[in-house]
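Subject: Structure handover and findings

Hello,

Here is the structure we talked about handing over. Please load it before you read on; my notes follow.

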Amino acid sequence: STSVSGDLMNQGLIGKPDGMAAQITGLLGSSGVPTRRIVTSLTAHRATSKVLTLPKVKPKYLDEAVRRKAKQEMPLPMQETYLSWQVIGSQDGQLQIYAFAVPRAIIDRQVETLKAAKLKPRAMDLKPLALARAVNDPNCIVVNLEDQSLGVVLVANGAPEIMRSVPQTTEDASPADRVEKLSQELNRTIQFYEEAHRGSPLPPETVIYATGLLLESEEIRQLLARRTSYPVELPRPPMQLPEDFPVAAFSANLGLAMKSF
């Protein structure tokens with residue numbers, strides 16, 4: 001983990017690809033990390049996701065049908081975003097499609113940065129998707145608290161149904177202030193979900209998984225636990241890890257390592 005100044009990244013957008021590339025190159029060089037099998041994550045700031053329902057169509061027409069449906073139901077302008085999607089199931093003769101859209105500028109700047117750092121990643125993934133994969137729970141909430149961002153991911157039936165990502169600009173904010181802001185986003189996420197699923201509230205045993213560098217601290221996790229009625233736990237990734245491994249701080253990394261190709 002390393003800090004990034006505001007002139008290098010702002011609101012999830014890399015401002016100076018060459019400067020960021022120099023930091024990445026220095027970090028990898030000092031840690032001795034091999035660079036042949038890199039998987040990199042993208043911020044979810046201004047990204048949006050949705051489960052789309054479509055009638056079954058021939059495979060050759062599916063991409064066009066998904067894009068048409070996404071244009072109708074997702075708020076980002078399609079000409080300014082990259083859209084990715086995957087079939088996650090079928091029911092009553094209809095397909096369930098998980099789709100997410102990311103602003104082109106965010107991806108293009110990251111690709112430019114990686115090229116400047118002479119890196120060729122095997123894949124790119126949204127950070128919330130990596131976090132959801134790391135916690136390995138089909139129905140849960142994942143919260144993330146870092147020095148420069150906070151996020152909430154609500155996972156339902158194995159798919160991240162709601163993703164919230166908020167940049168943090170007040171670097172001198174106290175832990176209590178940061179947790180208060182995170183809990184506000186958490187409550188908004190739960191409220192939004194329950195309004196969209198009237199009659200099916202979140203079960204009280206729904207686990208909130210604490211991820212991110214700042215939530216590695218048990219004291220800060222307890223601050224969050226006192227602001228919610230749901231249990232707050234550390235993730236339990238499905239892999240062998242050292243007993244003292246900082247799982248909260250490196251949850252996104254673990255989720256990227258678990259990504260299938």
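Some ground rules first. This is a predicted model, in which local features need pLDDT of at least 70 and side-chain atom pairs count only at pLDDT 80 or more, while totals for chains, interfaces and linings use all residues. Residues are numbered from 1 along each chain as its sequence is written, and side-chain values use heavy atoms, with hydrogens and water left out.

**Overall**

The chain has 7 helices and 12 strands. Both are DSSP runs numbered from the N terminus: helices are H or I with at least four residues, strands are E with at least two. The C-alpha trace spans about 55 × 45 × 35 Å along its principal axes. The radius of gyration is 19 Å; a compact globule of 261 residues would have one near 18 Å, so the two agree. That radius is taken over C-alpha atoms, and the globule rule is 2.2 Å times the number of residues to the power 0.38.

Of the 261 residues, 41% count as buried. Buried means under 20% relative accessible area, exposed means over 50%, and partly exposed lies in between (1.4 Å probe, protein chains only). Take contacts between residues at least 6 apart in sequence: 63% of them join residues at least 24 apart. A contact is heavy atoms within 4.5 Å.

On charges, there are 30 positive and 28 negative, and their mean positions are 10 Å apart. Lys and Arg count as positive, Asp and Glu as negative; His and the chain ends are not counted. Each charge is placed at NZ of Lys, CZ of Arg, CG of Asp or CD of Glu.

**Aromatic pairs**

The structure holds 2 aromatic pairs. The rings of Y98 and F100 have centres 6.4 Å apart and planes at 50°, so this pair is tilted. Rings of Phe, Tyr and Trp (its six-membered ring) pair if their centres lie within 6.5 Å; planes under 30 degrees apart are stacked, over 60 edge-to-face, and the rest tilted. Y98 is buried at 7% relative accessible area. F100 is buried too, at 16%.

F245 and F250 also form a tilted pair, with 6.0 Å between centres and 50° between planes. Here F245 is partly exposed at 27%, and F250 is partly exposed at 30%.

**Helix α4**

How many of the 9 residues of helix α4 are buried? The count is 8, so α4 (residues 127-135) is largely enclosed by the rest of the structure. The buried residues are K127, P128, L129, A130, L131, A132, A134 and V135.

**Other positive phi values**

R46 is not a glycine, yet its phi is positive, at about 70°. R46 sits in the loop between β3 and β4 (48-55). It is partly exposed, with 43% relative accessible area.

K118 is another non-glycine residue with a positive phi, near 60°. K118 is in the loop between α3 (104-116) and β7 (123-126). Its relative accessible area is 74%, so K118 is exposed.

T40 is in strand β3 (residues 39-42). It is buried, at 12% relative accessibility. Neighbours within four places in sequence aside, T40 contacts Q110, L114, P121, A123, M124, D125 and L256.

S183 belongs to helix α5 (residues 175-196). At 4% relative accessibility, S183 is buried. Not counting residues up to four places away in sequence, S183 touches L224 and R227.

S217 lies in the loop between β11 (208-211) and α6 (218-225). S217 is partly exposed, at 27% relative accessibility. S217 and A249 are 32 residues apart in sequence, with 9.5 Å between their C-alpha atoms.

Best regards
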